[in-house]
Amino acid sequence: MNAWLKKALYRIEADYQRSSDTHLVRVGFPQAGKVSLYLKDESTHPTGSLKRRLARSLFLYGLCNGDIRDGTTIVESSSGNTAVSEAYFAQLLGLPFIAVVPAGTSREKVDKIGFYGGTCHFVAGSQIYAEAERLASELNGHYMDQFTNAERATDWRGNNNIAESIFQQMKYEPSPVPSWVVVSAGTGGTSSTIGRFIRYKSYATRLCVADPSNSVFFDHYLTGDKSLRTDQSSNIEGIGRPRVEPSFNCALVDKMIKVPDAAAFATLRFLEGIIGRRCGGSTGTNVYAALQVIAELAESGKPSSIVSMICDGGERYLDTYYNDAWLAEQGFNLQPYTDQLTAFYERGVWSELSGEVRICEK
Ligand SMILES: *Cc1c(COP(=O)(O)O)cnc(C)c1O
C-alpha cells in the first residue's frame, strides 16, 4: 500500500481518537404534556457544525477510492459549513483546498475556510456545481461533490454515525426510542443515514424532514418530480436546495414539513430564551417542525420523545438572523410565530397558522 495513503488514513484516525462525541441536550417544555424534546448538539464539533462528520467520511471515501493522493487539490461546492470542515481535513493532510461558494456566504464562514488554509471562489448560488467541477478538472484535482456523495460516503449501519450516537445516548431516557427524529436537508445525507439506521435496527421511530422556503425538497416529496428547480436561493444557510440533490432519498422519509423562514427565525429567538444559546437558521427550521410534531403527539397524552438537532451555532449569523434591521429589510414578520411559540410554551396551546406551514405525511 502507498506510504502516503497509509499516513493520511492514520492521521484521520488519530484525529478521530482525539475527538469526543456531541451532547444530546434535553429541552424542557413544561406544557407539552408527556412529550420530551432532545437536541443533538452538532455545533460543538471543533469546526462548528455537523459537517465535521461528512467531511471526515468524504475524505476517507476519496482516499480509499484512490481519488485523493499526495498533492491532489480538493475542490468542493458548498454553502460554507462543509467547506470549513473539509478545509480542516485538507490542512491535516497537507492538501490544497478550494471552496466554490455562493456570493452571499457569511463572512464568518469565509474567514474560517481561510483560517484552515483554504481559498474561496465566489459564484452565483446555482453555479456552484458546474464551477466546482470545471475547476477540479482544470487543476487535475478532485471534486468532492457532497451533494452526490454524502449518502454513500457515510457508514449508515454504524461506525458511531449520528444515528447510532443518538439512539445510544437515548438509552436511559424515560422514552428511549423516539417517536420521531426531525431533521432538515442540505445534501440529504443526515436524513438518509438516520432513515436507513432506523430501518436497519427495526426501530418504531419515524423520520420527519423540515424544508425551508426557497427549496424544492418538499414539492419533490409531494410529487416525486426529480427535475424541479428554483432560481431563488435558500435564506437558511446549510439547508434548502434549488434542485433535488442526488443524496436526498425521500423514500426514507415519513413526513415533511415546509417551515416558513420567518418561523425559523422566530424559533431561534425563542430557543435562546429556553436553552440560553444562539443557534443557526437550520436549527430554527428543525425545532419549529419538531414543535409542530410535539403538538400533535401531546394530544394523545402518551409519554414519548422527539429528537431533533442543533446543526451549527448562532455566532455565524449575528449580522443576519440575529439582526433586527436585516430581518426588517428582508421583510420577515416574526410576530405571529413568536406568539404561537409563546402560547405553546406557556399554555400548551398550538394554534394553527392558516396556509403558512405545509405538511405532507406518507
Ligand atoms: C448541511 C447542513 C444541514 C443539513 O445536513 P445534510 O446532511 O447536508 O442534509 C443542516 N444545517 C446546517 C447548518 C448544515 O450546514
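Me: How do the residues of the lining of the largest cavity divide into nonpolar, polar and charged?
Reply: This is a predicted model, with local features needing pLDDT of at least 70 and side-chain atom pairs pLDDT 80 or more, while totals for chains, interfaces and linings use all residues. The lining of the largest cavity includes K51, N81, F147 and R241, and lining means having an atom within 4 Å of a point on a 1 Å grid where a 1.4 Å probe fits but cannot get out. Counting Ala, Val, Leu, Ile, Met, Phe, Trp, Tyr, Cys and Pro as nonpolar, Asp, Glu, Lys and Arg as charged and the others, Gly among them, as polar, the division is one nonpolar, eight polar and two charged.

Me: Where does the largest cavity lie, and why?
Reply: Residues are numbered from 1 along each chain as written, and side-chain values use heavy atoms without hydrogens or water. Domain 1 (17–49 + 156–361) and domain 2 (52–151), with bounds from an automatic or database assignment, both supply lining residues, so the largest cavity lies between domain 1 and domain 2.

Me: How much space lies in the largest cavity?
Reply: The structure holds one cavity of 30 Å³ or more. Taking volume as the space filled by probe spheres set on the grid points, the largest cavity holds about 60 Å³.

Me: Which residues are closest to the centre of the largest pocket?
Reply: A pocket is an open set of points with protein on both sides within 12 Å along at least five of seven lines. The largest pocket has a volume of about 710 Å³. Of its 43 lining residues, the closest to the centre are E42, L50, R52, R53 and L54.

Me: How many residues of the lining of the largest pocket are charged?
Reply: Both domain 1 and domain 2 contribute to this lining, so the largest pocket lies between them. Its lining residues include 14 nonpolar and 19 polar ones. The charged residues number 10.

Me: Which residues lie nearest the centre of the second largest pocket?
Reply: The second largest pocket has a volume of about 590 Å³. Its lining also draws on domain 1 and domain 2, so this pocket lies between them. Of the 32 residues lining the second largest pocket, those nearest its centre are P102, G104, T105, S234 and E237.
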